[in-house]
Amino acid sequence: MTTAAAPAARRRAPIAAADPAVFVGFGASGDLTRRKLLPALVNLRRAGALSDRFAFLAVVRQPETVATFGPDVLAATAEFLETPLSEDEHAWFLQRIVAVAGEPDQPALSADIAAALPELQARVDAGGNALFY
């Protein structure tokens, strides 16, 4: 006898979408992002709890990962999703993921975030809201 509920049975009642915001994630190239954070964001989107006016500003250390961060992290996240991303979901997230690179102890990183954040907020109309994690 199993006690685990089927995925559809575990779903909860819909919740209201969160306020528009840009999520700034430090250490975004790490394992936690692809195993936990991105799957959680996908599930929030599927539940209607993630605003259309949402974006993710990934802060990574390696400059060579910036250009391909979005496609790479979505591909790495796929194995941790109950249901694979549809083409529309994949495109939606790709439009909203931007990466900047630098060392946390270097002032240049703060300047890069300060430049990228308002640009991304304007792109998705986030109303100036940001969450730093």
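This is a predicted model: local features need pLDDT of at least 70, side-chain atom pairs count only at pLDDT 80 or more; totals for chains, interfaces and linings use all residues.
Student: Let's start with the helices. Why are H2 and H3 called roughly perpendicular to each other?

Tutor: Helix H2 (residues 31-46) and helix H3 (residues 69-77) pack at an angle of about 90 degrees. Angles of 65 to 115 degrees count as roughly perpendicular, and therefore H2 and H3 are described that way. Their axes are 9 Å apart.

Student: Which residues of H2 and H3 meet?

Tutor: From H2 come Thr33, Arg34, Leu38 and Pro39, and from H3 come Val73, Leu74, Ala76 and Thr77. Sorted by class, this contact of H2 with H3 has five nonpolar, two polar and one charged residues.

Student: What does the contact of H3 with H4 consist of, by class?

Tutor: Gly70, Pro71 and Leu74 on the H3 side meet His90, Phe93 and Leu94 on the H4 side. Four of the residues are nonpolar, two are polar and none is charged.

Student: Let's turn to single residues. How do you know whether serine 51 is buried or exposed?

Tutor: Its relative accessibility is 10%, and buried means under 20%, so serine 51 counts as buried. Serine 51 lies in the loop between H2 and strand E2 (54-60). Setting aside residues up to four places away in sequence, serine 51 touches Ala17, Ala18, Asp19, Pro20 and Trp92.

Student: What makes the approach of serine 51 to arginine 53 a polar contact?

Tutor: The serine 51 side chain reaches the backbone nitrogen of arginine 53 at 2.8 Å, and the cut-off for such a pair of N or O atoms is within 3.5 Å.

Student: And why is glycine 102 called buried?

Tutor: Glycine 102 has 16% relative accessibility, so with the limit at under 20% this residue counts as buried too. You will find glycine 102 in the loop between strand E3 (97-101) and helix H5 (107-124).

Student: What does glycine 102 contact beyond its neighbours within four places in sequence?

Tutor: Glycine 102 is in contact with Val60, Arg61 and Leu109. The C-alpha atoms of glycine 102 and glutamine 62 are separated by 6.9 Å, although these residues are 40 residues apart along the chain.

Terms used
Residues are numbered from 1 along each chain as its sequence is written. Side-chain values use heavy atoms; hydrogens and water are left out. Axes are lines fitted to C-alpha atoms, for helices over the stretch in contact, and angles run from 0 to 180 degrees between N-to-C directions. Helices (H or I, at least four residues) and strands (E, at least two) are DSSP runs, numbered from the N terminus. Angles under 35 degrees count as roughly parallel, over 145 as roughly antiparallel, 65 to 115 as roughly perpendicular and the rest as oblique. Contact means heavy atoms within 4.5 Å. Ala, Val, Leu, Ile, Met, Phe, Trp, Tyr, Cys and Pro count as nonpolar, Asp, Glu, Lys and Arg as charged, and the others, Gly among them, as polar. Buried means under 20% relative accessible area, exposed over 50%, partly exposed in between (1.4 Å probe, protein chains only). A polar contact is a pair of N or O atoms within 3.5 Å; within protein, one must be able to donate a hydrogen and the other to accept it, and residues adjacent in sequence count only if both atoms are side-chain atoms.
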